[in-house]
Amino acid sequence: MKFATEFRDSALAKKLLDGIRRKSTRPANIMEFCGGHTVAIFRYGLRDLLPPHLKLLSGPGCPVCVTSTADLDKVMALARIPGVTITTFGDLIKVPASYGSLDRARAAGADVRTVYSTLDALDIARNNPGKKVVFVGIGFETTAPTVAAAILQADAEKLQNFSVISLHKVTPPVTRALLDAGEVKIQGIICPGHVSAIIGADAWYFIPGRYGIACAVSGFEPLDILHCVDMIIDQIESGAPRVQTAYSRAVRAEGNPQALAMLDRVFEVAPADWRGVGSIPESGLAIREEFAAHDAEKVFEIKLEREPREPAGCLCGEVIRAVKTPEDCKLFRKACTPENPVGPCMVSSEGSCAAYYHFAEAI
Ligand code: SF4
């Protein structure tokens with residue numbers, strides 16, 4: 001399969017690994033920002049293949065995982081409003097909010113539908129004019145343009161029964177927040193591939209520029225990741241950190257101007273609440289006033305019936321910051337499993353706890 005098997009070639013992987021082992025002389029923590037990278041690293045057993053002094057740490061790059069409990073409670077409150085249909089991607093359905101999940105709300109009678117794209121959500125709105133259809137916008141710069149496109153389409157069609165609750169987040173500010181906090185010493189960062197396809201590799205210049213940390217953008221196949229680690233090791237060993245791209249088939253320095261223009265047309269940056277990190281200025285995307293008719297937070301009065309509460313014993317906040325691993329959590333594999341998740345990191349297909357759970361033998 002072109003663009004897949006050619007990036008899984010074992011002979012090339014061995015060559016890259018031999019080079020990394022030969023060149024790397026000092027301990028280093030290398031954080032992969034993206035949950036997609038975490039899953040790929042576990043799936044292909046890459047942690048085991050690297051020299052023991054190189055540690056791969058999972059970062060905050062799972063959008064569902066970093067959505068705060070208070071924001072999930074808002075979605076639950078929307079689901080309780082009579083006449084509202086919640087549309088969302090599948091990952092979110094089982095994520096526990098303070099007092100239940102969308103899954104349970106649906107079992108109790110709420111109209112909650114899984115969609116595969118925002119186009120599906122628009123179709124549901126068109127076909128159900130008596131319903132108020134809310135799409136739950138969770139994701140980074142990668143998915144936000146598709147949501148922007150849906151809002152523009154709804155606006156053009158005057159589809160008044162379609163709105164979005166925008167819980168979108170942008171990624172450079174949280175990277176800065178983690179590096180500023182300095183809880184974990186990081187010598188290299190594997191920058192997210194799909195996000196960088198939108199915002200461009202240049203968006204990461206602050207990592208070497210302000211923090212003196214090595215970084216490179218990676219794709220999601222094993223050779224992409226090993227190539228990226230190889231670049232990072234070269235930077236660390238030479239003492240010359242910079243931004244490199246090991247995913248040039250998808251990522252340009254300037255990103256995707258059309259997608260960025262669409263984001264800017266519909267959204268404006270706003271503070272956002274990140275699980276485990278708290279509120280970070282300019283790390284969220286709020287819907288511009290011009291599109292208020294499609295902003296669920298303006299269309300509906302969202303009332304939280306009770307104070308948000310975090311799942312007891314869950315360490316997702318620490319796992320997201322790479323301060324703890326899923327195995328540090330007493331609930332891991334016991335009270336918390338993919339069938340009965342306690343926290344979001346066990347639900348999401350990109351969550352660290354789910355990756356540890358499914359690929360335990362690769363640890
Ligand atoms: Fe939270 Fe479960 Fe992960 Fe523990 S194992 S941190 S309870 S999601």
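**Exercise 1. Describe how the protein is divided and how its domains meet.**

Solution. Start with the division: domain 1 covers 1-297 + 305-313, and domain 2 covers 316-362. These bounds come from an automatic or database domain assignment. The model is predicted: local features need pLDDT of at least 70, side-chain atom pairs count only at pLDDT 80 or more, and totals for chains, interfaces and linings use all residues. Residues are numbered from 1 along each chain as its sequence is written.

Next, take the spacing. The C-alpha centres of domain 1 and domain 2 lie 18 Å apart.

Then count the contacts. In domain 1, 31 residues are in contact with 23 residues of domain 2. Contact requires C-beta atoms, placed from the backbone, within 7 Å.

Now locate the side of domain 1 that touches domain 2. At least two residues each come from α2 (35-43), α3 (46-49), β2 (54-61) and α4 (63-66). Helices (H or I, at least four residues) and strands (E, at least two) are DSSP runs, numbered from the N terminus. The largest share, 6 residues, belongs to α2.

Ala, Val, Leu, Ile, Met, Phe, Trp, Tyr, Cys and Pro count as nonpolar; Asp, Glu, Lys and Arg as charged; the others, Gly among them, as polar.

**Exercise 2. Explain why helix α5 counts as largely enclosed.**

Solution. Of the 11 residues of α5 (residues 69-79), 9 are buried, so the rest of the structure largely encloses this helix. Buried means 20 or more other C-beta atoms within 10 Å of the residue's own (exposed: 12 or fewer; partly exposed: in between), with C-beta atoms placed from the backbone. Among the buried residues are D71, D73 and K74.

**Exercise 3. Characterise the shell around the ligand.**

Solution. The shell has 14 residues, of which C314, C329, C336, G343 and C353 come nearest. A residue is near if its C-beta atom, placed from the backbone, lies within 6 Å. Two or more residues each come from α15 (316-320) and α16 (344-347). By class, 13 are nonpolar, 1 is polar and none is charged.

Conventions: Contact = placed C-beta atoms within 7 Å.
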